[in-house]
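This report describes selected features of the structure shown below. Please keep the sequence and the model in view while reading.

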Protein chains: 2
Amino acid sequence: MSDARASRLAVSTVIFALRTDDDGLATLWTPLVRRTRDPHLGQWALPGGWLPSDEELEAAAARTLRSTTGLAPKYLEQLYTFGGVDRSPGDRVISVVYWALVQSDEAERAAVGENVQWFAADDLPALAFDHNAIIGYALWRLRTKMEYARIAHAFLGETFTLAQLREVYEAVLQKPLDPANFRRTIESTGTVAATGERLAGTPHRPPMLYRYDVATNLTDGTFTTRIPPGKPDPIKPHPRMRT
Amino acid sequence: MSDARASRLAVSTVIFALRTDDDGLATLWTPLVRRTRDPHLGQWALPGGWLPSDEELEAAAARTLRSTTGLAPKYLEQLYTFGGVDRSPGDRVISVVYWALVQSDEAERAAVGENVQWFAADDLPALAFDHNAIIGYALWRLRTKMEYARIAHAFLGETFTLAQLREVYEAVLQKPLDPANFRRTIESTGTVAATGERLAGTPHRPPMLYRYDVATNLTDGTFTTRIPPGKPDPIKPHPRMRT
DNA sequence: TCAAAAGTGTTATATGTACACCCATGG
DNA sequence: CCATGGGTGTACATATAACACTTTTGA
């Protein structure tokens, strides 16, 4: 029976963190794992694996993230399901792909080794399977969503200055933002709250520290069902930011 | 070995068309099929089925749509993959769900029968599995995307008046739109082109007929990769429309 | 006391909204 | 010749962008 071909289900995760390079510019980085088996053996690929039948999709993505980087995701969302008939030799593979944001200072200390390495997300080598295209799509999604959703704080720690938050936007959107307008835009959304503390040790006027304010982060009630079952909505649109 | 549970892959499609009810208001309708097997036998459910290992995901969604309604989709996009461990008894089922728009006047003549029936999308009975939640999410997606993407013409035929196009927006967004501002907004996007023909037979001034202008429908080039591999981008954002 | 980032104020422009008004046709 | 939807003009409100300016700190 040569026409019997099995379909297998995999879960992979595109992980993003920010890393500040030598000249002080923050850019997007992503961890990849080296393939230790035959399709594309030795090439770099997205972290992931076969889906156990008793594990939730999102849990599998979070586990994958943890086992390759040692980190917990600060943001995790399903990206797309890739199922092209010829995307892998042998059995057909359908990959449910998630994308994740991790806290960047934690990512600096994250696991690396012979089989796990971080790459600049905008300048990747040739990867296994269709993974270059998948990461390209995840990048597009991150950049698009950053313009209307409140996800930037996922790259930062518990408290942060507005300059640090702006740096996240600038790194992801790849354009400078006016500090004055940025401040007003963010403050008007009510997503951040001043802690009362200031960040000391800067060479200049010490900036206020803010905290992501989850209390104000409610849905606007326009539609009842807006998010896939089982997934709370941590996101509220805010006005565009330009220049 | 009682802990061996298989995972199976299914593809389902949420199909939308507009139907004008007795008092002349257009509303969203969706076709459902009656279950003829045991999990939830006799209940209404989304059209779909198991994924053949040699068929593309999108092709399976289009085939499903065709076999239940006899129609071809004018718009088809992946919605989400639902894989909750307990969403179905027996083997675990992972469903890759698509959503589709079909031409509404064709849908009026579409197949119906003992096992296929159209329902008002906002007023559904209790469906099999998690299908109420899935359709609710698809509705949210349709309404959200209608505000920034050019998909409304998928409900209409080759040519249409601006009043017909506006009726689509009003039905989906559930709010009246100012005819004057709607006209300018649509014209400024360049997505429609006047055919030169006018629609005769109305009791009043005959309106111009327009055609969806695919030529101007290019991506804006901000990012290179914006859409999953194999899927061209028929969509360009346009300004919001209110009131 | 000075450089530089934090933070505030003000104005110009673009975009969205409301609505008055003219046009063209079938009845 | 009139009721009605098609189609145009215009003024007002709000959102966004640009940038001058004041404040506060460490060096």
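## Basis of the model

This is a predicted model, in which local features need pLDDT of at least 70 and side-chain atom pairs count only at pLDDT 80 or more, while totals for chains, interfaces and linings use all residues. Residues are numbered from 1 along each chain as its sequence is written, chains are lettered from A and ligands numbered from 1 in the order in which they are written, and side-chain values use heavy atoms, with hydrogens and water left out.

## Chain A overall

Chain A has 5 helices and 10 strands. Helices (H or I, at least four residues) and strands (E, at least two) are DSSP runs, numbered from the N terminus. Of the 243 residues in chain A, 48% are buried. Buried means under 20% relative accessible area, exposed over 50%, and partly exposed in between, with a 1.4 Å probe and protein chains only.

The accessible surface of chain A is about 11800 Å², and carbon and sulfur atoms account for 51% of that surface. Accessible areas come from the Shrake-Rupley method with a 1.4 Å probe; for residues, only the protein chains shown count as cover. Among contacts (heavy atoms within 4.5 Å) in chain A between residues at least 6 apart in sequence, 63% join residues at least 24 apart.

## Helices 3 and 4

Two packed helices are described by the angle between their axes and the distance between the axes. Axes are lines fitted to C-alpha atoms, for helices over the stretch in contact, and angles run from 0 to 180 degrees between N-to-C directions. In chain A, the axes of helix 3 (residues 131-146) and helix 4 (residues 162-173) come within 9 Å and cross at roughly 135°. Helix 3 of chain A and helix 4 of chain A are therefore oblique to each other. Angles under 35 degrees count as roughly parallel, over 145 as roughly antiparallel, 65 to 115 as roughly perpendicular and the rest as oblique. The crossing of these two helices of chain A is left-handed, a term used if the near helix is turned anticlockwise from the far one by less than a right angle, with right-handed used if clockwise. Helix 3 of chain A contributes Leu142(A), Arg143(A) and Met146(A) to the contact, and helix 4 of chain A contributes Val168(A), Tyr169(A), Val172(A) and Leu173(A). By class, this contact in chain A has 6 nonpolar, no polar and 1 charged residues. Ala, Val, Leu, Ile, Met, Phe, Trp, Tyr, Cys and Pro count as nonpolar, Asp, Glu, Lys and Arg as charged, and the others, Gly among them, as polar.

In chain B, the axes of helix 3 and helix 4 come within 9 Å and cross at roughly 135°. Helix 3 of chain B passes helix 4 of chain B in a left-handed crossing. On helix 3 of chain B the contact residues are Leu142(B), Arg143(B) and Met146(B), and on helix 4 of chain B they are Val168(B), Tyr169(B), Val172(B) and Leu173(B).

## Helices 4 and 5 of chain B

Helix 4 of chain B and helix 5 of chain B pack at about 100°, with their axes 11 Å apart. The two helices of chain B are therefore roughly perpendicular to each other. Leu162(B), Leu165(B), Arg166(B) and Tyr169(B) of helix 4 of chain B meet Pro179(B), Phe182(B), Arg183(B) and Ile186(B) of helix 5 of chain B. By class, the contact has 6 nonpolar, no polar and 2 charged residues.

## Ala152 in both chains

Ala152(A) sits in the loop between helix 3 and strand 8 (159-160) of chain A, and counts as buried at 2% relative accessibility. Not counting residues up to four places away in sequence, Ala152(A) touches Met146(A), Leu165(A), Val168(A) and Tyr169(A). Ala152(A) and Val172(A) are 20 residues apart in sequence and 9.0 Å apart in space, C-alpha to C-alpha.

Ala152(B) is in the loop between helix 3 (131-146) and strand 8 (159-160) of chain B, and is buried at 1% relative accessibility. Beyond residues up to four places away in sequence, Ala152(B) touches Met146(B), Leu165(B), Val168(B) and Tyr169(B).

## Other loop residues of chain B

Pro47(B) lies in the loop between strand 3 (44-45) and strand 4 (48-50) of chain B, and is buried, with a relative accessible area of 1%. Its contacts, not counting residues up to four places away in sequence, include Val11(B), Pro31(B), Val33(B) and Thr68(B).

Phe129(B), in the loop between strand 7 (116-120) and helix 3 of chain B, has a positive phi of about 50° although it is not a glycine. Phe129(B) is partly exposed, with a relative accessible area of 23%. Gln174(B), in the loop between helix 4 (162-173) and helix 5 (179-189) of chain B, also has a positive phi, near 60°.
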